[in-house]
Amino acid sequence: DYQMAAGNQNQIGGTISAAWNVATTNIPVQLVNLEAKAAQTTGYPLRLAIYGANLPTYFTANDFVIDYLARMPEMSVEWLKGAGQIPNGLFGFKWIPAYTFFYERDDGTGTKDAIWPADQVTFTPDASSGTDSEDWYEFLEGSFLVPTTVDVITSVTSLDQFKTVYGSFGYAQMSHDPPGMVNYAGDTFLPVLRNPDAIYQADVVF
């Protein structure tokens, strides 16, 4: 949770005051209250909503969301065009589905697990370039030892043929069977939150 405050998680200190799988829950009002909380806490407006697999179903069964879509036919069309995904712009957010994110267990079974909980929505400020996003998150660069020559090293003490490179790196080495060159490229970085209070990780069913 990147040291996110307890009040920014789960029901966000009571801001998610009723579960979203209940048709009579006023989801739009809760979103308005969340935006007000973000403005009062950090001043960063929330723009992105990264959501799990159950959210589209909760929205299409919600009385208040259905009423809104009935009054906004263009948004209803966008919903239908998106094959059940929440359309961008709904209630002022860019909605990003995360239910396709997964990892495969490193145990030889081939089992795949979802990364994003089905009832989770994470709200963040804008993360696009050209915004003030660098004020709430950043990338730290790691280092990688890179050879500075393509020659075969004949001594393990030839440390002067290496240099430490931060961030993106690339180098080439000779191959011998068959003869040729092998190119390597990589990057070492870690995203970190400079201001964890700017993020809200909501569990909308409880």
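1. Strand 1 and strand 13 run parallel to each other and pair over two bridges; two strands count as paired if DSSP finds at least two bridges between them. Within this pairing, asparagine 10 stands opposite alanine 202 of strand 13. Helices (H or I, at least four residues) and strands (E, at least two) are DSSP runs, numbered from the N terminus.

2. The model is a predicted one, in which local features need pLDDT of at least 70 and side-chain atom pairs count only at pLDDT 80 or more, while totals for chains, interfaces and linings use all residues. Residues are numbered from 1 along each chain as its sequence is written, and side-chain values use heavy atoms, with hydrogens and water left out.

3. Five strands form an open sheet in the order 1-13-6-2-3, with mixed pairing. Its edges are strand 1 (9-10) and strand 3 (94-97), each of which pairs on one side only. Helix 1 packs on the sheet and touches strand 3, strand 6 and strand 13, contact meaning heavy atoms within 4.5 Å. The direction of helix 1 makes about 150 degrees with that of strand 13; axes are lines fitted to C-alpha atoms, for helices over the stretch in contact, and angles run from 0 to 180 degrees between N-to-C directions.

4. The largest nonpolar core has 28 residues. Such a core is a set of buried Ala, Val, Leu, Ile, Met, Phe, Trp, Tyr and Cys residues joined through side-chain atoms within 4.5 Å; buried means under 20% relative accessible area, with a 1.4 Å probe and protein chains only. Trp20, Leu55, Phe59, Leu90, Trp95, Val121 and Phe123 touch the most other members. Elements that each supply at least two residues include helix 2 (55-60), helix 3 (63-71) and strand 6 (120-124). Helix 1 gives the most, with four residues.

5. Which residues does tryptophan 20 contact, leaving aside its neighbours within four places in sequence? They are Thr25, Ile27, Gln30, Leu31, Leu55, Tyr58, Phe59, Val121, Phe123 and Val204.

6. Asparagine 62 lies in the loop between helix 2 and helix 3. Asparagine 62 counts as buried because its relative accessibility is 0%. Not counting residues up to four places away in sequence, asparagine 62 touches Val22, Ala23, Thr25 and Ile27.

Key. Buried means under 20% relative accessible area, exposed over 50%, partly exposed in between (1.4 Å probe, protein chains only).
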